[in-house]
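Trainee: Could you walk me through this one? I have the sequence and the model open and would like to go from the whole chain down to single residues.

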Protein chains: 2
Amino acid sequence: MLSKAIIKYINALQVKKYRNQHQAFVVEGAKSVLELLHSDFELQHLFITEEFLQEHGNKLNKGTRYELVTEQDLTKAGTFSSNNAGLAVARMRQLPNLNFKPSDFTIALDDIRDPGNLGTILRIADWYGIKSIVCSETCADFYNPKTISATMGSFTRVKAYYLNLAEWLHQLPKSIAVYGASLEGENLHRMTLQPQGVVVMGNEANGIRPEIAREVNRLIKIPGFGGAESLNVATATAIIIDNFMRHASS
Amino acid sequence: MLSKAIIKYINALQVKKYRNQHQAFVVEGAKSVLELLHSDFELQHLFITEEFLQEHGNKLNKGTRYELVTEQDLTKAGTFSSNNAGLAVARMRQLPNLNFKPSDFTIALDDIRDPGNLGTILRIADWYGIKSIVCSETCADFYNPKTISATMGSFTRVKAYYLNLAEWLHQLPKSIAVYGASLEGENLHRMTLQPQGVVVMGNEANGIRPEIAREVNRLIKIPGFGGAESLNVATATAIIIDNFMRHASS
């Protein structure tokens with residue numbers, strides 16, 4: 001059974017301020033916990049059910065310390081409406097310096113507020129082999145439990161750099177392509193795109209802010225054929241990145 | 001101010017059983033309410049704030065009856081955590097018979113349980129001009145408030161037919177292409193796809209069920225380049241449909 005103190009600690013980690021104070025975050029569900037255990041994140045606590053142990057015990061690293069708990073315990077402590085698997089607390093990691101080279105390809109998120117969207121975009125980046133993305137400081141938090149959950153384990157492989165996005169884009173060499181979606185943009189389906197440069201994705205409601213739009217030097221658009229005015233930002237990111245990668249696939 | 005009776009009615013419409021009983025559903029938020037008002041759905045109730053009236057009053061059809069309410073009223077009655085715009089109750093509509101022709105193109109959802117995913121897929125269908133999709137009877141409900149909300153208005157343009165998916169696929173002429181995603185499938189980026197036939201998308205956790213997989217006659221895959229094992233089903237749908245439409249765009 002989980003102590004009141006530990007439940008209080010885990011609950012507190014739902015809030016960014018306390019995550020930063022403790023430099024720790026929560027990972028829930030079988031898939032995400034297993035990915036965490038096989039990553040370089042430092043584990044603080046691991047709470048698993050008997051069921052999880054029976055099914056995945058052989059995947060635990062030797063010497064991994066865990067505590068057996070019930071599904072009720074996990075639901076009380078975490079954010080999932082049901083969780084019959086596990087919950088872990090891990091230490092945040094220090095990122096190495098961001099060193100963006102002209103041959104690199106990344107996604108820059110301008111003010112993406114929904115942690116589910118951020119997590120889905122990290123999962124898309126991981127699928128396409130993009131190891132780091134950049135985020136404006138107003139984006140949802142990488143360590144928000146909803147972000148972590150939506151990544152389905154990709155939080156272990158993709159790094160997110162939070163920075164002043166306008167300044168960062170501005171200091172890039174002018175030869176680097178900075179793509180942004182716009183209704184006036186060129187039809188993605190008609191372009192031969194190389195996965196190099198930066199793809200900027202804007203806020204869910206308001207798109208790319210003017211100070212960021214100024215740094216965009218290539219306008220692109222996803223052609224539409226129906227009545228919808230727009231696509232969800234994670235959906236649009238997936239389509240755009242897929243169009244960049246089609247010439248790289250074997 | 002909303003009466004207790006109407007709040008109770010709107011709350012009840014969060015549950016499928018009561019939606020079916022009353023043949024009515026709830027639409028929340030400025031964008032969705034405005035799209036509803038300009039659709040052929042029959043309006044039962046319209047509750048809007050003074051703010052919405054001032055901003056969008058000129059878009060209301062002449063003679064539209066509404067009741068002015070507060071943001072607090074809307075939050076109490078609906079499912080949004082905040083809503084300073086409007087909430088409507090509309091009647092479900094009877095769908096015409098599904099008449100799938102060999103030149104048509106549609107998406108078939110096998111057991112998509114999350115209403116947010118269903119809504120996002122309806123929005124994607126709308127973007128690409130797909131007017132009807134088919135759903136197994138176990139899919140999330142089209143009229144679930146979370147589905148409606150995720151469509152961002154596309155529920156007014158895209159129809160969803162709920163049916164026995166295995167039977168429906170089985171009775172299609174054998175000449176119709178039925179596509180399904182599989183790790184053994186052909187690389188989408190290497191194919192020249194025509195938007196004709198049926199694209200089957202499977203359950204979030206378990207993929208396409210065996211009885212449905214038997215009806216698939218073209219295996220395709222989205223090439224991956226990184227560590228993620230899979231993509232969210234709405235994300236994957238978007239990428240696949242975009243690959244089908246690239247030869248159709250102007």
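Trainee: Which residues of chain A does the UniProt annotation "domain: tRNA/rRNA methyltransferase SpoU type" cover?
Mentor: That annotation, which comes from an unreviewed UniProt entry, covers residues 105-241 of chain A. Keep in mind that what you have on screen is a predicted model. Over residues 105-241 the chain is 28% helix and 25% strand, with the end C-alpha atoms 10 Å apart.

Trainee: And what does the record put on residues 6-76 of chain A?
Mentor: The unreviewed UniProt entry gives "domain: MRM3-like substrate binding" for that stretch of chain A. Residues 6-76 are 49% helix and 18% strand, and their end C-alpha atoms lie 11 Å apart.

Trainee: How many helices and strands are there in chain A?
Mentor: Chain A holds 10 helices and 10 strands. Its radius of gyration is 20 Å, close to the 18 Å from the globule rule for 250 residues, so chain A is as compact as a globular protein of that length. Along the principal axes, the C-alpha atoms fill a box of roughly 60 × 35 × 35 Å.

Trainee: What percentage of chain A is buried?
Mentor: Buried residues account for 56% of the 250 in chain A. If you take the contacts with a separation of 6 or more, 76% of them are between residues 24 or more positions apart. The accessible surface comes to about 11600 Å², and carbon and sulfur atoms contribute 48% of it.

Trainee: What about charge, how many positive and negative side chains does chain A have?
Mentor: There are 26 positive and 25 negative side chains in chain A, and the centres of the two sets are 3 Å apart.

Trainee: Switching to chain B, how many of the eight residues of α3 are buried?
Mentor: Six of them are, so helix α3 (residues 30-37) of chain B is mostly covered. The buried ones are S32(B), V33(B), L34(B), E35(B), L36(B) and L37(B).

Trainee: What covers those buried residues of α3(B)?
Mentor: The cover includes β1, β2 (43-48), α4 (50-56), β4 (86-91) and α7 (145-151) of chain B.

Trainee: Staying with α7 of chain B, is T147(B) buried or exposed?
Mentor: T147(B), which is found in helix α7 of chain B, counts as buried because its relative accessibility is 0%. Leaving out residues up to four places away in sequence, T147(B) touches P115(B), L118(B), G119(B), L122(B), D141(B) and F142(B).

Trainee: Where is P195(B) found?
Mentor: P195(B) is in the loop between β8 (178-187) and β9 (197-201) of chain B. P195(B) and F105(B) are 90 residues apart in sequence, yet their C-alpha atoms are 5.6 Å apart in space. Apart from neighbours within four places, P195(B) is in contact with S103(B), D104(B), F105(B), F244(B), M245(B) and A248(B).

Trainee: One backbone question, what is the phi of M152(A)?
Mentor: The phi of M152(A) is positive, about 50°, although M152(A) is not a glycine. M152(A) is placed in the loop between α7 (145-151) and β7 (159-163) of chain A, and at 36% relative accessibility M152(A) counts as partly exposed.

Trainee: And what is phi for Q23(B)?
Mentor: Phi of Q23(B) is near 55°, again a positive value in a residue other than glycine. Q23(B) is in the loop between α2 (16-22) and β1 (24-28) of chain B, and its relative accessibility of 25% makes Q23(B) partly exposed.

Note on methods. Residues numbered from 1 in each chain as written. Chains lettered and ligands numbered in written order. Predicted model: local features only at pLDDT ≥ 70, side-chain atom pairs only at ≥ 80, totals over all residues. Heavy atoms only, no water. UniProt positions renumbered as here; feature names shortened; annotations may be inferred. Helix = DSSP H or I, 4+ residues; strand = E, 2+ residues; numbered from the N terminus. Rg over C-alpha atoms; globule rule 2.2 N^0.38 Å. Buried < 20%, exposed > 50% of the residue type's maximum accessible area, 1.4 Å probe, protein only. Contact = heavy atoms within 4.5 Å. Areas by Shrake-Rupley, 256 points an atom, 1.4 Å probe, with all protein chains shown as cover. Lys, Arg positive; Asp, Glu negative; His and termini not counted. Charge placed at Lys NZ, Arg CZ, Asp CG, Glu CD.
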